[in-house]
Amino acid sequence: MTRLAVLILTYNEEKNIADCIRTAGFADEVVVVDSGSSDRTRELAESLGARCVVHPMEEGFAAQRNFALTATDADWVFYLDADERLTPEAGEEIRQLAEAGEPAVWEIKRLNVVFGQLMHYGPHRPDYSLRLYPRESVHWEGTVHEHAETTLPVRRMREVMHHYTYNDWETYFAKFNQYTSLAAKALRERGRQTSCSAILLHPAAAFFKAYILKQGYREGFLGFIMSCMAMFSTMVKYLKLKYMK
């Protein structure tokens, strides 16, 4: 019998973890890989039947995702973030795909909800994310924007999931700081350097891409603000790179 596991990486996700796990009931196993939460994340997850494994995230997101693969012996795995929710239809489709056993990896359409607003344009417009894999056919690379290395063909699911990215600015800026630091570190490890002009020009390009090319202006005031934040995060990433010791 084909076994399917949902893998969830967490750190202080007590506000999200319960609702996330409740949408993963189609799986044979839910494994939470926690990087050292100080809140009730693990307690809540275990109360809902998930198995929790503590593993410090010392080498970035790719290494953490690779570790998660070793925390289960399931035939198929689906990666789900704590702030994401699968529809019942998506859960049923994932179950059927795993049981069919086609040698492929599957991406799912992700609808992003930012501060309560479903985004259709801009830096948070809907995107596709590779999430369903035969467990032994994937390996992760990258520090911040990690990606899966696999030789299998990519297929696209019919159903969707919702991504509740940010509900408050405290959470936003906590992730902002974490991601810009990891991004700067990744640039440095690749031998990249920066300059004062780059610190100004790259953010301008990021705003143009988010607000004009991705039509963030069609999302009203929030579209403008999130395009500005895309600009600021790019600036901070290169600023951290410049002053990194």
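Predicted model: local features only at pLDDT ≥ 70, side-chain atom pairs only at ≥ 80, totals over all residues.
Reader: What makes the span of helix H6 close to the expected one?

Author: The expected span is 1.5 Å times one less than the number of residues. H6 covers residues 196-213, which is 18 residues, and the expected value is 26 Å. From first C-alpha to last, H6 reaches 25 Å, close to that figure.

Reader: Why are the buried residues of H6 said to line one face?

Author: Buried means under 20% relative accessible area, and in H6 the residues that qualify are Ala 198, Ile 199, Pro 203, Ala 206 and Ala 210. Seen down the helix axis, these buried residues fall within an arc of 120°, so they line one face of H6.

Reader: Which residues of H6 are exposed on the face turned away from the buried side, and what covers the buried ones?

Author: Exposed means over 50% relative accessible area; on the face turned away, Cys 196, Leu 200, Leu 201 and Leu 213 are exposed. The cover over the buried residues of H6 includes helix H7 (220-242).

Reader: Why is strand E6 called largely enclosed?

Author: E6 spans residues 105-114, and nine of its 10 residues are buried, so the rest of the structure largely encloses this strand.

Reader: How do you know that E6 pairs with strands E11, E8 and E7?

Author: The criterion is at least two bridges between the strands. E6 and E11 (residues 154-166) have nine, in the parallel sense, with Val 105 opposite Val 154. E6 and E8 (residues 127-134) run antiparallel with five bridges, and there Glu 107 stands opposite Leu 130. E6 and E7 (residues 117-118) have two bridges and also run antiparallel; Val 113 has Leu 118 as its bridge partner in E7.

Reader: What is the phi of Phe 115 in the hairpin of E6 and E7?

Author: Phe 115 takes a positive phi near 50°, in a hairpin with two residues between the strands.

Reader: Which residues touch the most other members of the largest nonpolar core?

Author: Val 6, Ile 8 and Leu 86 do, in a core of 30 residues. E6 and E11 are among the elements that each supply at least two residues of this core, while H4 gives the most, with four.

Reader: What is Val 6 in contact with, beyond its neighbours within four places in sequence?

Author: Contact means heavy atoms within 4.5 Å, and the partners of Val 6 include Phe 26, Val 30, Val 31, Phe 78 and Leu 80. A second, separate core has 19 residues, among them Leu 9, Ala 68, Val 105 and Trp 140.

Note on methods:
Residues numbered from 1 in each chain as written. Heavy atoms only, no water. Buried < 20%, exposed > 50% of the residue type's maximum accessible area, 1.4 Å probe, protein only. Arc of directions from axis to C-beta. Core = buried A, V, L, I, M, F, W, Y, C linked by side-chain atoms within 4.5 Å.
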